[in-house]
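Trainee: Could you go through this structure with me, one part at a time?

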Amino acid sequence: MTAILEVQEVGKSFGGVRAVDRLSFVIEEREILGLIGPNGAGKSTLFNLINGVFRPDAGRVRFCGADITGASPHRVARLGLARTHQIVQPLEAMTVLENCAVGACFGRENLPRARAQEAAREAAVFVGLEDRLDTPAAQLTIAGKKRLELARALAAQPLLLLLDEVLAGLNPTEVERMIGVIRRLRERGITILIIEHLMQAIMSLSDRIVVLNYGKRLAEGTPASVANDPQVIEAYLGDPALARELAGKTRA
Amino acid sequence: MLRRPFFWVIALVVAVFAAAPAIGNNVELRESLVLATVYITLATNLNVVLGYAGYVNFGSIVFFGLGGYLCVYLMGAPAWPLPVALFAAGAAVSLLALVFGLGILRLRGAYFALATIGVNEGVEAFVENFTPFGGSSGLYLPVTMFKPLGGPMAALWIVYFLLVAIMGASLYLSYAVKRSKFGLGLLAIGQNEDAAQVLGVPTRRYKALAYSLTAFLPALAGGLYFFKSAFIQPSDAFDLTFSTEAIVIIMLGGQGTVTGPALGAYLYEELRGWLLTSDTFSNFQLVIAGSLLLIIVLFLPGGLMGWLYGRWPRLRSLLE
């Protein structure tokens with residue numbers, strides 16, 4: 001296996017707060033890497049450092065061998081790194097299809113406008129928005145907007161997908177559907193880095209898990225080993241009984 | 001493009017503008033339509049930045065005024081022929097817009113709007129103190145300037161047809177941009193600039209490109225307009241009322257549509273002409289414009305086109 005993304009000693013401070021503190025990890029091609037940790041641990045900041053929304057104070061980020069440290073978000077997107085937002089960011093007055101066409105036009109494939117339409121439709125259908133193609137994004141439910149985030153990112157035909165809490169705020173049925181979509185993404189060969197608070201979901205989806213706390217890596221390993229790690233239990237899971245239950249449900 | 005009905009709608013509008021005064025040599029009608037072509041050109045170009053990309057530009061008149069100044073200047077002392085002077089003026093203004101654009105388009109919202117007023121005022125102050133441009137007393141062209149175009153009578157017709165052509169080109173530009181990948185990027189920027197950038201839209205480049213692209217045709221219109229009057233002075237060339245009116249026109253017609261700004265410009269121009277000549281309301285058109293803007297923003301945020309689309313949804317496929 002080869003590394004698709006290498007994060008090396010990356011750091012970012014806001015004022016006196018070290019949001020991400022000399023963090024290093026690697027994502028291998030075709031794996032699903034889970035990123036967990038308490039609120040404020042620096043997970044979303046890390047996403048912003050990877051895709052260029054923030055410039056790191058220190059360290060390097062490499063994507064497919066190329067140094068993308070401090071590159072602007074549109075360049076990173078063009079290279080094949082797509083992401084979703086924790087707080088959905090639909091282009092509200094534009095339809096579902098137009099939203100996805102933006103992803104297709106300006107993503108890795110850099111498609112012309114006419115051909116983007118087809119890629120946009122395919123991505124929207126893939127996440128289950130086939131009945132909403134011509135609906136303005138503003139009129140979607142929250143579950144619909146979450147799916148749109150994912151569809152837009154997919155329309156770009158990314159090599160690596162960063163998913164920021166795509167399951168948060170969904171009801172159990174919607175969560176099941178979304179997990180199904182993510183599994184099918186893996187079958188397509190897309191590498192995924194996923195932030196999630198829903199423990200059962202992330203333990204069953206991930207090949208490996210990195211646990212963040214105060215911007216530092218607290219633990220890293222298979223879902224089972226992470227769930228059994230006393231430090232993780234203390235800092236994040238809180239309850240040894242829950243940890244045992246989770247460890248029993250993992251893929252490993 | 002040729003197979004789309006809207007292409008022929010634009011062609012029809014251009015044909016009507018060109019033919020209506022030409023039939024029967026109606027000079028009075030021609031003069032009243034001159035201002036309509038200028039308003040449509042200004043509003044349509046401004047709409048690409050304001051309606052598509054969502055950047056409110058209060059100083060768009062600077063392109064028109066500067067185009068006028070450069071054209072009149074180049075035809076004066078250096079005695080360049082009209083087509084060359086016109087094209088040079090347009091190219092120079094576009095280039096300048098690109099430089100300004102890369103600077104001020106880092107700002108957003110109210111800060112950008114203020115900066116656009118600053119650009120207009122700055123350029124006006126520069127011209128007022130720039131001796132080759134005649135300072136605050138302006139520049140005159142001798143009447144002999146009309147000679148190469150076949151005398152004043154023929155020249156005024158040629159200028160009118162050129163203004164109609166520029167209006168048509170503006171409408172086609174607006175339409176072509178809207179249907180293109182570039183236009184999709186601009187619309188995405190208008191909706192949510194940060195999200196657009198994360199999706200891969202090169203926001204800075206696109207914004208500056210749009211700003212520069214939409215400076216060209218207004219600069220040509222300014223060149224022709226001031227060539228026609230053979231006189232230009234700073235207070236006319238950089239009149240902020242003009243660019244504020246362009247914003248009212250866009251809101252009236254429907255921002256982000258191709259038809260709206262043109263329709264709004266024509267209606268506004270008619271209203272303005274009527275108010276200027278009426279005894280009760282002389283010079284009162286700005287009060288009306290202000291009230292109109294308030295009413296539209298409060299009750300018709302989509303403008304006339306928004307209202308029409310709401311009543312007849314199928315109109316969307318005919319009038320973009």
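Mentor: We shall take the domains, the sheets, the helix packing and the chain contact in turn.

Trainee: What should I know before reading the numbers?

Mentor: This is a predicted model, in which local features need pLDDT of at least 70 and side-chain atom pairs count only at pLDDT 80 or more, while totals for chains, interfaces and linings use all residues. Residues are numbered from 1 along each chain as its sequence is written, and chains are lettered from A and ligands numbered from 1 in the order in which they are written.

Trainee: Which domains make up chain A?

Mentor: Chain A is divided into domain 1 (3-80 + 159-249) and domain 2 (88-157); these bounds come from an automatic or database domain assignment. The centres of the two domains, taken over C-alpha atoms, are separated by 24 Å.

Trainee: How many residues of each domain are in contact?

Mentor: In chain A, 13 residues of domain 1 are in contact with 13 residues of domain 2. Two residues are in contact if their C-beta atoms, placed from the backbone, lie within 7 Å.

Trainee: Which elements of domain 1 take part?

Mentor: On the side of domain 1 that touches domain 2, helix H2 (73-79) and helix H6 (172-187) of chain A give two or more residues each. H2(A) gives the most, with 4 residues. Helices (H or I, at least four residues) and strands (E, at least two) are DSSP runs, numbered from the N terminus.

Trainee: And by class?

Mentor: That side of domain 1 of chain A has 7 nonpolar, 3 polar and 3 charged residues. Ala, Val, Leu, Ile, Met, Phe, Trp, Tyr, Cys and Pro count as nonpolar, Asp, Glu, Lys and Arg as charged, and the others, Gly among them, as polar.

Trainee: On to the sheets. What is the order of the 4 strands in the antiparallel one?

Mentor: The order is E2-E1-E4-E5 in chain A, and the sheet is open. Strand E2 (17-28) and strand E5 (66-67) of chain A are the edge strands, each pairing on one side only. Two strands pair if DSSP finds at least two bridges between them.

Trainee: How many bridges link E1 and E4 of chain A?

Mentor: Strand E1 (residues 3-14) and strand E4 (residues 58-63) of chain A pair in the antiparallel sense over 5 bridges. A:Val7 stands opposite A:Val61 in E4(A). Helix H1 (residues 43-50) of chain A packs on this sheet and touches E1, E2 and E4 of chain A, with its direction at about 65 degrees to that of E2(A). Axes are lines fitted to C-alpha atoms, for helices over the stretch in contact, and angles run from 0 to 180 degrees between N-to-C directions.

Trainee: And the sheet with 6 strands: which ones stand at the edges?

Mentor: The open sheet has the order E6-E7-E8-E3-E9-E10 in chain A, with mixed pairing. Strand E6 (81-83) and E10 of chain A stand at the edges with a single partner strand each, so one side of each has no neighbour in the sheet. From one strand to the next, the twist averages 20 degrees.

Trainee: Now chain B. How do H1(B) and H2(B) pack?

Mentor: Helix H1 (residues 5-22) and helix H2 (residues 27-52) of chain B pack at an angle of about 160 degrees, with their axes 9 Å apart. That angle makes H1(B) roughly antiparallel to H2(B). Angles under 35 degrees count as roughly parallel, over 145 as roughly antiparallel, 65 to 115 as roughly perpendicular and the rest as oblique.

Trainee: And H7(B) with H9(B)?

Mentor: H7(B) and helix H9 (residues 203-229) of chain B pack at about 105 degrees, with their axes 10 Å apart. This makes H7(B) roughly perpendicular to H9(B).

Trainee: Finally, how many residues does each chain bring to the contact between them?

Mentor: The contact takes 18 residues from chain B and 21 residues from chain A. Helix H7 (181-191) and helix H8 (193-198) of chain B each supply at least two residues of the chain B side. The largest share of that side, 6 residues, comes from H7(B).
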